[in-house]
Amino acid sequence: MQVLSQASAQPHGWHPALAKPVPEKSSQLFQNCTAKLGLPESRTFKPLPLQPTNFPFSSREATKMPGVVRASQGVISSEVDRLQDQVKKQILTATQLAELPAKPTAAVGASELERAFEIHDEQYLKPVEGPSVWYGRDFSDKESEWVHVLTSDEVAEIEAAIAGVRASGKQTKDVTQADFPLPNLGPRLLSIRDELVTGRGFYLLKGLPVKRWSREETILAYFGLGTYWGRAVSQNGKGHLIGHVKDLGTDPTNIVNRVYTHHGPQPWHCDSADLVGLLCLQVAKEGGLSSWASSHTVYNELLRSRPDLVRIFSQPWFIDRKNEVPAGKKPYYVMPVFNYYQGRLTIHYENSFFQAAQRHPGVPPLSAERLEAIAEFDRVAGSSPVRLDYWLEVGDLQLLNNHQTVHMRTGYTDWGPGPDEKRHLLRLWLSPPNDRPIHPLYGERYGSTEVGARGGICVPGAATKISLEAE
Ligand SMILES: [Fe+2]
């Protein structure tokens, strides 16, 4: 398994422009943090000119500065006490919360929701610790820790599994892990799943020969690999188990359109499943840069610099379903962005869905403080030290844990109007068998919160299916 070292020898996806610092954003983040810490500048870090390796809030560097860390924790503790004193309200069940916006004429104000929502969890307003907290800067030059390039033997093993399924006559959507034996690659895939579920929450497989394979073979290979990570769930109102992320000509300026159907930029968000995979079949002519960030890191940074916004994100938010409405549900759902459950924090952040929900009667307008919270979340996630950028190449498979990471994509231009001239990614939404428990409120979006059988979008009359082309 020496292939890890092949990553650096391969043409990789780092864009030279990303080596540039982003001084204005990161400097502001630094100033916010030091101001909240209440420390004289001499006791903290100098506002360093931001180079790729010297951002002051690198998690590793922070641990080397005990005075600063202690001071930070002291501020957080007092802030926790103050905020918890403010949140002395009755508890609403998930059902009651869902019923709150049912009043047809009088909008339910955010303050009313805040008064009605109390959090009882040991993690509330405490920093997250562990591998899910990471900074992109710490991994931008360490691909060997999160990239694996498939060997020719591993590709041959996948192709043998494809041949086996074809010989059986089984439909791709019914393929199980047992139908797709990978005696040597399989253990690696399972360890990748563990890295996604209990580790940093991101990984990249390179070297799937999608140009050599037919579309049918590519999708079968992709689905077969996915059986090692989790159960595939529907991604839209059409029941697609394999999604086609491609410009279908929808209007990027219409916020109600699902962002995967147009060429415009995707704001920071997570998808509505435990894991998401994106397999690149075709790159754009220009643009289409992928970025992701640890939402746990964003949380910690907000807790340190703007704990008031952490409290806001811990209250219920109104989130659009973008016209894909399960039976008996409203066209939007209500749940917090920061969800504390059984001592763990799970984050559900979908910028464009917050905005889109504003169109529905009964949904309160986004308050100025909520708009500020959105802007600050995006700013921290997009800051140079926090985010990780990557130009996906043909045959790359990006994997992300939606509970602890967020992702985005820049807008792009295709090579032409033909179907093979468009940027094209294949998407998988997966529910792993060993994932975390999540708050019952997630049932509003995930249908079920049962580990291994949750997530996705199920609407009446839409049976699950796989299409070889976007539709
Ligand atoms: Fe996404």
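**Chat about a predicted model**

Me: Hi! What share of the 471 residues in the protein is buried?
Reply: Buried residues make up 44% of the 471. Keep in mind that this is a predicted model.

Me: Good to know. What does the pLDDT average, then?
Reply: The average for the protein is 80, and 75% of the residues score at least 70. Over residues 1-110, though, the pLDDT is below 50. That stretch still has 147 contacts in the model beyond near neighbours in sequence.

Me: And what should I do with the coordinates where pLDDT is low?
Reply: Where pLDDT is low, the predicted coordinates should not be read in detail.

Me: Let's talk sheets. What is the strand order in the open sheet of four strands?
Reply: The order is E5-E15-E8-E13, with antiparallel pairing.

Me: How many bridges join E5 to E15?
Reply: Two bridges join E5 to strand E15 (residues 405-409), and the two strands run antiparallel. As for bridge partners, His269 has His407 in E15.

Me: Nice. Which strands does helix H13 lie across?
Reply: Helix H13 (residues 368-381) lies across E5, E8 and E15, at about 95° to E5. Helix H10 (residues 295-305) lies across strand E8 (290-294) and E15, and runs at about 55° to E8.

Me: Switching topic: is helix H9 mostly covered or uncovered?
Reply: Mostly covered, with nine of its twelve residues buried. Among them are Thr218, Ile219, Tyr222 and Phe223.

Me: What covers those buried residues of H9?
Reply: The cover includes helix H7 (152-168) and helix H8 (185-198), along with strand E3 (231-232), strand E6 (275-282) and strand E17 (424-431).

Me: One last thing: what span should H9 have at 1.5 Å a residue?
Reply: The twelve residues of H9 (residues 215-226) should span 16 Å, and the end C-alpha atoms are 16 Å apart, so the two agree.

How values were computed: Residues numbered from 1 in each chain as written. Predicted model: local features only at pLDDT ≥ 70, side-chain atom pairs only at ≥ 80, totals over all residues. Buried ≥ 20, exposed ≤ 12 C-beta atoms within 10 Å, placed from the backbone. Pairing = 2+ DSSP bridges. Contact = placed C-beta atoms within 7 Å. Axes fitted to C-alpha atoms, helices over the stretch in contact; angles between N-to-C directions. pLDDT = per-residue confidence, 0-100. Expected span 1.5 Å × (residues − 1).
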